[in-house]
Each structure stands twice: as structure tokens, then as C-alpha cells.
Amino acid sequence: MRSERVKEAGAAMSLEVKICGLSEPRTLDAALDAGADVVGLVSFPKSPRHVSVEQAATLAARARGRARVALLTVDATDNLIAELVAATMADILQLHGQESPERVRALRLIFGREVWKAVPIGEAADVALAQPYWDVADRVLFDARPPAGASLPGGNGVAFDWRLLADLDPKQSFVLSGGLTPDSVVEAVQTTRARAVDVSSGVERGPGVKDPDLIAAFVTRARSAAVSSSQR
Ligand SMILES: O=C(O)c1ccccc1N[C@@H]1O[C@H](COP(=O)(O)O)[C@@H](O)[C@H]1O
């Protein structure tokens, strides 16, 4: 339950904004300058946003002290994650594959990083897929179930029906993602009461090509959507 003190204050709840799939200094800087809280680096060779370990290290160093760094991997080995963590000193591991709750728990212990576990949502029943992860991950990240034939498990620019999250326990800490855009983020936050949002495709002008103006617009509009405590 929220404390009465917070309710009485009526202050705006802060919304955490993550911009994912940054692969070049220019657009990383755009995200940092816009005030993103978290910047995401993708290590998944099939992705148009994939960065090498060396690129990840350079980008993470550039972001250090200005935003938290998330490393996105898909069913990666311990060795690859260890190499990436050592090179980037990332703050967050975002797991976007089929990682089991046991695997999530183990990675959290091994690497001592915050772990966000992606859960794909296509229909109402999918929300229950998050259940085994609430206790082992620091956050559940809800993403849209990939369309049939998609080659990526995320980053497809596809949204799901946000009303499916309406009955979530407000104590659960989740990140909303999947097809968000500067135009949709306000409604998405108001519908789901999310306290954190994540975007990739919606701030691009082509696959993997981030647009500084869209990044700035997304962060500004997401901030304007911060849910007031009295609404929660
Ligand atoms: O961005 C990618 O290329 C990617 C690859 C593999 C797994 C996840 C990926 N991105 C994440 O997917 C969601 C939704 O992205 P979008 O806004 O719909 O493009 C987001 O969490 C990205 O971080």
C-alpha cells in the first residue's frame, strides 16, 4: 500500500525513461541530453541495433555518470555476459530471451546487477507469465509478443493492448515497452500507470537508426505523462 504521506503530498510520481538500442555516440548523446534515465545497448547479432563488446564499452563509458546503462541480451551465455559486464560495468541486465526464473535468479547472483526480465504479452492470459519472475527479477519488462515470422524477440515496434495490465498489483515494479512512440507514450502511461517506459523502434527513422528529435520528443512527452500519486 502506498503511504498516506505520499498520497497527501499529491506529488507527481517519477517516471523512469529508457531509450534502448543506442549504437552510436551521436544518438547516445541525444538520449543523455534529453535526460533519459537509462540507456540500452543491444548485444544480439540478429538485431540492427547490435553493438560489439568494444562498441558497448565505448558507449557505456560515454554514458557513465549521466544515465544508468542496460545491457540487453537474448539467452546469452555466462561468458558473453561476463565479457560485456566487464567491458561496460553496466548497471542493468535486460534479459529478452527464454531465460527461466532460475536463470534470472542465478544471473542476478553471479553478476550482482539489477535484472529486468522481458515477458511477451499478446493476450490476457500472458500477463500470468510474469508471475514466476516477480520474486527473482528486479523488474518485469512487458513487451509485445513478436508477430509471426519476426526474427527478433523484441524491438519490433509492436504494441500490445495496454488495458491487459490494468489489474496488476500497483506494488509490482514493471517497465512498459513494445511499440511506444512519442505520440502514444502519454496514453500508455495513463492506461497502465507504469512507472518506467522503454522505447527503441519508436524513436527511429529506419531499423536501428535513432533520430535525436524523436528521442527528445519521447522523453519530454513521457515526463509529461508522469502519473500523479492521487491517480494510483
Ligand atoms: O531492440 C532490439 O533490437 C531488440 C532485440 C532483441 C530483443 C529485444 C530488443 N529490443 C527491446 O524490445 C522492446 C520493444 O522495442 P520497440 O520499442 O517495440 O522497438 C524494448 O524493450 C527494446 O529494448
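Ala, Val, Leu, Ile, Met, Phe, Trp, Tyr, Cys and Pro count here as nonpolar, Asp, Glu, Lys and Arg as charged, and the others, Gly among them, as polar. By these classes, the shell around the ligand has 11 nonpolar, 14 polar and 3 charged residues. The model is predicted: local features need pLDDT of at least 70, side-chain atom pairs count only at pLDDT 80 or more, and totals for chains, interfaces and linings use all residues. Residues are numbered from 1 along each chain as its sequence is written.

There are 28 residues around the ligand. A residue is near a molecule or strand if its C-beta atom, placed from the backbone, lies within 6 Å of it. Cys20, Ser47, Gly154, Gly155 and Ser201 come nearest to the ligand. Strands S2 (38–43), S6 (139–144) and S8 (196–199) each supply at least two residues of the shell. Helices (H or I, at least four residues) and strands (E, at least two) are DSSP runs, numbered from the N terminus.

The unreviewed UniProt entry places the feature "domain: N-(5'phosphoribosyl) anthranilate isomerase (PRAI)" at residues 17–220. UniProt positions are given in the numbering used here, feature names are shortened, and annotations may be inferred rather than shown by experiment. Over residues 17–220, the chain is 29% helix and 22% strand. The end C-alpha atoms of this stretch are 10 Å apart.

Helix H7 spans residues 212–224 and has 13 residues. From first C-alpha to last, H7 reaches 19 Å, close to the 18 Å expected at 1.5 Å a residue; the expected span is 1.5 Å times one less than the number of residues. The buried residues of H7 are Leu214, Ile215, Phe218, Val219 and Ala222. Seen down the axis of H7, these residues fall within an arc of 135 degrees, so they line one face of the helix. The arc is that of the directions from the helix axis to the C-beta atoms. A residue is buried if 20 or more other C-beta atoms, placed from the backbone, lie within 10 Å of its own, exposed if 12 or fewer, and partly exposed in between. Exposed Asp213 and Ser224 sit on the face of H7 turned away from its buried side. The buried residues pack against strand S1 (16–19), helix H2 (25–34), helix H6 (185–192), S8 and strand S10 (209–210). Contact requires C-beta atoms, placed from the backbone, within 7 Å.

Most residues other than glycine have a negative phi. Asp75, not a glycine, has a positive phi of about 50 degrees. Asp75 is found in the loop between strand S3 (68–73) and helix H4 (78–88). Arg193, also not a glycine, has a positive phi of about 60 degrees. Arg193 has its place in the loop between H6 and S8.

Note on methods:
Contact = placed C-beta atoms within 7 Å.
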